Amino acid sequence: RPRVLSGIQPTADSFHLGNYLGALREWVTLQREFDAFYCVVDLHAITVAQDPAELRRRTRVSAAQLLALGIDPDRSALFVQSHVPEHAQLSWVLECLTGFGEAGRMTQFKDKSTRQDADHVSVGLFTYPILQAADILVYQANAVPVGEDQRQHLELTRNLAQRFNARFGSTFTLPEPKIPQETAKIFDLQDPTAKMSKSVPAGVVELMEDPKRSAKKIRSAVTDNEREIRYDPEAKAGVSNLLVIYSALTGRAVSELEAEYAGRGYGDLKKDLGEVVVEFVTPFQDQVRGYLDDPAELDKILGKGAEKARSVAAETLRSVYDRIGFLPSM
Ligand code: ATP
Ligand code: MG
């Protein structure tokens, strides 16, 4: 079976709607046709400072959310990145194949690094996309479900795979990004020109927050001073974002929603979308709490996932080390 790999950072108490609609929803679907490897990427999390106790807690909360969203640990290897040392080992090899200028062109690094002063920007944040390439290539993944913001990193991953293959012989599978059409980029409710993001929590709908709070955030979403409810991402970014979220959570077409809300006010749209979100997150949160009530069982699931992941990752790493000329360890 073809393989799929993706990861998510345990850097917040909750995933947000952008994570879900841009990527996680696809993870759940793809596990049916693919041999799936899904990880909580704690190595990526420490590219910015983390409190140790919080990181540990958030790693479990992340895994619990993935299970509650429908990741089936009997089908998919669900694991924690640091439990599989081959990610970091392959990353080093790939770093040595990456140009400094090439890494410097990554726009996520430019965005994230300019939010802090230079001494607080770690080298790890700079090399993060190369570790991400290793995450993907170590499983020979065919598909990588991610949001639009990851497109450039996937391009780098493919370039590195091709470079390695050209220099040392065919080793890596070239992965294809799986970026959803309608929900590739969910925008911040307070700034509908910016991506909804864990690291800039302004207008972020968190899946684990009090649902009433989510509904309130949606009611106070920034829109525009027209009255018309119409999908037009250029001229009406805020309203269009709400329509996209509404459509994705209900399975109803945007055009159908436009017709339903013709002649009605933004208040109606926001109130109804708030209810849709509450209905979605309420049962989800109950399930997450259920998984968190039994951390031993959760850790067992993650242990089993890591074991499966390691057997695949170790095989790739062995062949990489051999091809680049490392002496086999006896
Ligand atoms: P950070 O801002 O710290 O990078 P994040 O919100 O981007 O956090 P990640 O863990 O980096 O969260 O991303 C997990 C997945 O969610 C990735 O596949 C990413 O592309 C996707 N994603 C994140 N934000 C959005 C968004 N606003 N719209 C669609 N997909 C998103
Ligand atoms: Mg991100």
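Student: Let's start with the annotation, which residue does the UniProt "binding site" cover?

Tutor: In the UniProt record, which is an unreviewed entry, the "binding site" annotation covers Asp-135. In this predicted model, that residue lies in helix α7, which spans residues 123-137.

Student: Is Asp-135 buried or exposed?

Tutor: Asp-135 counts as buried because its relative accessible area is 3%, and the cut-off for buried is under 20%.

Student: What is Asp-135 in contact with, leaving aside its neighbours within four places in sequence?

Tutor: With those neighbours left aside, Asp-135 is in contact with Leu-5, Val-41, His-44, Gln-81 and His-87. For His-44 there is also a polar contact, in which the side chain of Asp-135 meets the side chain of His-44 at 2.8 Å.

Student: And where is His-44 found?

Tutor: His-44 is found in helix α2, residues 42-45, and this residue is buried as well, with a relative accessible area of 2%. Not counting residues up to four places away in sequence, His-44 touches Gln-9, Gln-81, Tyr-128, Leu-131, Gln-132 and Asp-135.

Student: Switching to the ligand, how many residues surround ligand 1?

Tutor: There are 21 residues around ligand 1, and the closest are Lys-112, Asp-149, Lys-195, Ser-197 and Ser-199.

Student: Which polar atoms of the protein does ligand 1 come up against?

Tutor: Among them is a polar backbone atom of Gly-147, which is 2.8 Å from an oxygen atom of the ligand. A nitrogen atom of ligand 1 is likewise 2.8 Å from a polar backbone atom of Ile-186. On the side-chain side, an N or O atom of Ser-197 is 2.5 Å from an oxygen atom of ligand 1.

Student: How much of the ligand's accessible area does the protein cover?

Tutor: Taken on its own, ligand 1 has 600 Å² of accessible area, and the protein covers 96% of that.

Student: OK, charges next, how many salt bridges does the count come to?

Tutor: The count comes to 28 salt bridges. One of these joins Asp-13 and Arg-58, with their closest N and O atoms 3.0 Å apart. This pair links distant parts of the chain, 45 residues apart, with Asp-13 in the loop between β1 (3-8) and α1 (17-30), and Arg-58 in helix α3 (residues 52-69).

Student: What about accessibility for Asp-13 and Arg-58?

Tutor: Asp-13 counts as partly exposed, at 37% relative accessibility, whereas Arg-58 is buried, with a relative accessible area of 16%.

Student: Which other residue forms a salt bridge with Arg-58?

Tutor: Glu-54 does, with the closest N and O atoms being 3.5 Å apart. Both residues lie in helix α3, four residues apart, which is about one turn of the helix. Glu-54 is partly exposed, with a relative accessible area of 26%.

Student: What does Lys-236 pair with?

Tutor: The side chain of Lys-236 meets that of Glu-226 in a salt bridge, at 2.9 Å from N to O. Both residues sit in the loop between α9 (211-219) and α10 (237-250), ten residues apart. Lys-236 is buried, at 1% relative accessibility, whereas Glu-226 is partly exposed, with a relative accessible area of 38%.

Student: Which residues are joined into one network there?

Tutor: Through salt bridges that share partners, Asp-224, Glu-226, Glu-228, Arg-230, Asp-232 and Lys-236 are joined into one network. Of these, Asp-232 has its place in the loop between α9 and α10 and is buried, with a relative accessible area of 19%. Apart from neighbours within four places in sequence, Asp-232 is in contact with Ala-237 and Ser-240.

Student: Last one, where is Lys-110, and is it buried or partly exposed?

Tutor: Lys-110 is found in helix α6, residues 107-113, and is partly exposed, with a relative accessible area of 41%. Not counting residues up to four places away in sequence, Lys-110 touches Gly-104 and Arg-105. The C-alpha atoms of Lys-110 and Glu-33 are separated by 36 Å, and the two residues are 77 residues apart along the chain.

Terms used. Residues numbered from 1 in each chain as written. Chains lettered and ligands numbered in written order. Predicted model: local features only at pLDDT ≥ 70, side-chain atom pairs only at ≥ 80, totals over all residues. Heavy atoms only, no water. UniProt positions renumbered as here; feature names shortened; annotations may be inferred. Helix = DSSP H or I, 4+ residues; strand = E, 2+ residues; numbered from the N terminus. Buried < 20%, exposed > 50% of the residue type's maximum accessible area, 1.4 Å probe, protein only. Contact = heavy atoms within 4.5 Å. Polar contact = N/O pair within 3.5 Å; in protein donor to acceptor, adjacent residues only side chain to side chain. Near = heavy atom within 4 Å. Areas by Shrake-Rupley, 256 points an atom, 1.4 Å probe, with all protein chains shown as cover. Salt bridge = Lys/Arg side-chain N within 4 Å of Asp/Glu carboxyl O.
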